[in-house]
Amino acid sequence: MAFALSIILITEAKAASPMSISYEYSQGIYPAGSSFYLQTGTATYQEWSDSMRVRVNFNVTKKEMDSLYSNLKWYAFTGIEVAKIKAYNRGGDQVTLEINGKSTTKSNAGQSAVKGSFSKWRYEKVTSNLKSFVQKKVALHNVTYKLDLENASNYGVRVAVNDAEVQMHAGKGSVSLLPGKHTILVGLYDGKDAIVSAEAVEVNVPASKEARIRVGDNNIFIIPIGNTVNSLVTFRDQLRD
């Protein structure tokens with residue numbers, strides 16, 4: 001009976017006020033990562049890499065914060081064991097819980113590592129719950145970005161957004177993007193799959209929701225609709241250097 005009662009008390013735990021939960025993820029030596037900051041009211045999600053940078057604000061209710069806090073209590077977040085290790089350029093993540101000015105951080109990145117199988121299991125449960133909650137919130141802000149391709153060249157054409165190739169069908173393609181800056185890359189390839197030419201532009205979403213791509217043997221034009229084009233370094237520029 002005592003054990004059952006303790007479960008009920010933890011499950012219905014109420015978050016102290018003010019309270020915040022933050023999360024940071026880094027890929028280490030590669031300049032890419034994500035982070036979010038949760039509190040009652042306006043919360044923030046950010047993601048970045050060489051080819052993109054996004055930021056999304058969303059609302060979190062007091063009830064939702066109480067639920068997130070209950071999950072941290074259930075898995076005894078403050079008791080998760082962390083050890084120092086020798087590591088260089090090690091990626092990973094960390095979670096920080098702040099209540100009334102007092103903060104507790106558990107890091108599994110850089111020279112810090114979660115110690116022991118039980119702590120690792122609890123840390124995974126905590127981070128998975130937080131990321132799942134944020135992903136559902138952020139998904140509501142996705143914008144369907146349309147791509148329209150006309151290829152008048154004798155080469156094969158590949159289109160990528162943020163380094164991920166987009167499958168084009170009959171000159172049409174689309175990808176879901178969050179608000180922010182993204183990179184569209186168009187490359188021409190010969191019969192041996194060797195790159196002949198490439199162009200890239202940066203687009204601002206949701207100011208732009210569509211790009212028209214026009215390709216000839218000697219030219220690649222990427223025209224974002226509703227967006228000031230920011231041209232990036234082209235393959236031909238690199239050849240000249």
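Predicted model: local features only at pLDDT ≥ 70, side-chain atom pairs only at ≥ 80, totals over all residues.
Residues are numbered from 1 along each chain as its sequence is written, and side-chain values use heavy atoms, with hydrogens and water left out.

Strand 4 (residues 52–60) is a handy place to begin. Helices (H or I, at least four residues) and strands (E, at least two) are DSSP runs, numbered from the N terminus. Strand 4 pairs with strand 3 (residues 41–48) in the antiparallel sense, over eight bridges; two strands pair if DSSP finds at least two bridges between them. Three residues sit between strands 3 and 4, which form a hairpin. Glu-47 stands opposite Val-54 of strand 4. Strand 4 is also joined to strand 13 (residues 180–189), again antiparallel, by three bridges, and there the bridge partner of Val-54 is Gly-180.

Next come the cores. A nonpolar core is a set of buried Ala, Val, Leu, Ile, Met, Phe, Trp, Tyr and Cys residues joined through side-chain atoms within 4.5 Å. The largest one has 30 residues, and Ile-21, Leu-38, Tyr-45, Phe-58, Leu-97, Leu-130 and Val-134 touch the most other members. Elements giving two or more residues to this core include strand 1 (19–26), strand 2 (33–38) and helix 2 (62–74). Helix 3 gives the most, with six residues. Leu-38 has contacts (heavy atoms within 4.5 Å) with Ile-21, Phe-58, Leu-130 and Val-134, among others, leaving aside neighbours within four places in sequence. Another core, of 19 residues, lies apart from the largest one and has Tyr-145, Val-161, Ile-184 and Val-205 among its members.

Leu-147 belongs to strand 9 (residues 143–151). This residue counts as buried because its relative accessibility is 2%. Beyond four places in sequence, Leu-147 touches residues including Val-161, Met-168, Ile-184 and Ile-213. Ile-184 is 37 residues away in sequence, yet the C-alpha to C-alpha separation from Leu-147 is 9.7 Å.

Six bridges link strand 15 (residues 210–215) to strand 16 in the antiparallel sense, with Glu-210 partnered by Ile-225 in strand 16.

Finally, the second largest pocket holds about 300 Å³ of space. On a 1 Å grid over the protein atoms alone, a pocket is an open set of points where a 1.4 Å probe fits, with protein on both sides within 12 Å along at least five of seven lines; lining residues have an atom within 4 Å of a point. Grid points are joined across faces, edges and corners, and a volume is the space filled by probe spheres set on the points. The lining has 18 residues, with Tyr-45, Glu-47, Gln-135, Val-138 and Leu-178 nearest the centre. Helix 3 gives the most to this lining, with five residues.

Conventions. Buried < 20%, exposed > 50% of the residue type's maximum accessible area, 1.4 Å probe, protein only.
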